[in-house]
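Please go through the model below with the report beside it. The text moves from whole chains to single residues.

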Amino acid sequence: EAQVTQNPRYLITVTGKKLTVTCSQNMNHEYMSWYRQDPGLGLRQIYYSMNVEVTDKGDVPEGYKVSRKEKRNFPLILESPSPNQTSLYFCASRDYSTDTQYFGPGTRLTVL
Amino acid sequence: GQQLNQSPQSMFIQEGEDVSMNCTSSSIFNTWLWYKQDPGEGPVLLIALYKAGELTSNGRLTAQFGITRKDSFLNISASIPSDVGIYFCAGYPTGANSKLTFGKGITLSVRP
């Protein structure tokens, strides 16, 4: 089954404790991205990657890092999380042939 | 960045009714996508539209790519309780390497 998976689905942590949210897709898509979703603000892109070893900032990259060492995986790293990073995070991958984007199930992060 | 406009923020309808939503932009889009997001889940693609005037159906859902290329419409006919959720429009504006742009979504409630 074609899908985007994320782990963990839920995470509660404390300020300053480094964390990684993993993302994997099995559709061989080149383009992947991370979004955060906040009430009243909609979906905002954090980082994206157009291919292996190619990453770029989205609209709200501050406080986040990503890496793309292989096509299927695109982890999101928070080196020193802060409470304003409490949010719902989505990973997505893009199918260039149909110009559509597929989302993972989301990771709800709470930073205390 | 660019924004897609969706309003109102919430809609309340009676089961069995039809509902129509629209999405507008100040600039031209090449592709329009409609997503539905259930509580606690990631957005799921409903319909993709690729050319001006295109009308596409997916079950009880019908979407249209506006002739001006600056808007799109989604209609849900004979609503049922499981239609409850947030409906997002999204699109790729013109230009190389354009990023997917989202509306803020409309929360649909269906009264039994």
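## Conventions

This is a predicted model, in which local features need pLDDT of at least 70, side-chain atom pairs count only at pLDDT 80 or more, and totals for chains, interfaces and linings use all residues. Residues are numbered from 1 along each chain as its sequence is written, chains are lettered from A and ligands numbered from 1 in the order in which they are written, and side-chain values use heavy atoms, with hydrogens and water left out.

## Confidence

pLDDT is the predictor's confidence in each residue, from 0 to 100. Chain B has a mean pLDDT of 93. In that chain, 96% of residues reach 70 or more. Strand β10 of chain B (residues 101-102) has the lowest confidence, with a mean of 92. Strand β7 of chain B (residues 61-65) has the highest, at 98. Where pLDDT is low, predicted coordinates should not be read in detail.

## The two chains

Elements are DSSP runs numbered from the N terminus: helices are H or I with at least four residues, strands are E with at least two. Chain A has zero helices and 11 strands. Chain B also comes to zero helices and 11 strands. Along the sequence, chain A reads β-β-β-β-β-β-β-β-β-β-β. From its N terminus, chain B runs β-β-β-β-β-β-β-β-β-β-β.

The radius of gyration is taken over C-alpha atoms, and the globule rule is 2.2 Å times the number of residues to the power 0.38. For the 112 residues of chain A, the rule puts a compact globule near 13 Å; the chain has 13 Å, so the two agree.

Burial follows relative accessible area: buried is under 20%, exposed is over 50%, and partly exposed lies in between (1.4 Å probe, protein chains only). Accessible areas come from the Shrake-Rupley method with a 1.4 Å probe; for residues, only the protein chains shown count as cover. The table sets out the chain totals.

| Chain | C-alpha box along principal axes | Buried residues | Accessible surface |
|---|---|---|---|
| Chain A | roughly 40 × 30 × 25 Å | 52% of 112 residues | about 5300 Å², 51% from carbon and sulfur atoms |
| Chain B | roughly 45 × 30 × 20 Å | 45% of 112 residues | about 5200 Å², 52% from carbon and sulfur atoms |

Contact means heavy atoms within 4.5 Å. Take contacts in chain A between residues at least 6 apart in sequence: 53% join residues at least 24 apart. In chain B, residues 24 or more positions apart account for 55% of the contacts with a separation of 6 or more.

Charge counts take Lys and Arg as positive and Asp and Glu as negative, without His or the chain ends. Each charge is placed at NZ of Lys, CZ of Arg, CG of Asp or CD of Glu. Chain A has 13 positive and 11 negative side chains, with the centres of the two sets 7 Å apart. Chain B has 8 positive and 8 negative side chains, and the centres lie 12 Å apart.

## Backbone details

Most residues other than glycine have a negative phi, and most peptide bonds are trans. The bond from A:N7 to A:P8 is cis, with omega near -5 degrees. A:P8 sits in the loop between β1 (4-7) and β2 (10-13) of chain A. The bond from B:S7 to B:P8 is cis, with omega near 0 degrees. B:P8 lies in the loop between β1 (5-6) and β2 (10-14) of chain B.

B:R69 is not a glycine, yet its phi is positive, about 65 degrees. B:R69 is in the loop between β7 and β8 (71-76) of chain B. Its relative accessible area is 29%, so B:R69 is partly exposed. B:A78, also not a glycine, has a positive phi of about 45 degrees. B:A78 occupies the loop between β8 and β9 (85-93) of chain B. At 36% relative accessible area, B:A78 is partly exposed.

## Two residues in context

Is A:R36 buried or exposed? A:R36 counts as buried because its relative accessibility is 8%. A:R36 belongs to strand β4 (residues 31-38) of chain A. Not counting residues up to four places away in sequence, A:R36 touches several residues, including A:I46, A:V60, A:Y64 and A:Y89.

B:L55 lies in strand β6 (residues 55-58) of chain B. B:L55 is exposed because its relative accessible area is 57%. Leaving aside neighbours within four places in sequence, B:L55 contacts B:T62, B:A63 and B:Q64.
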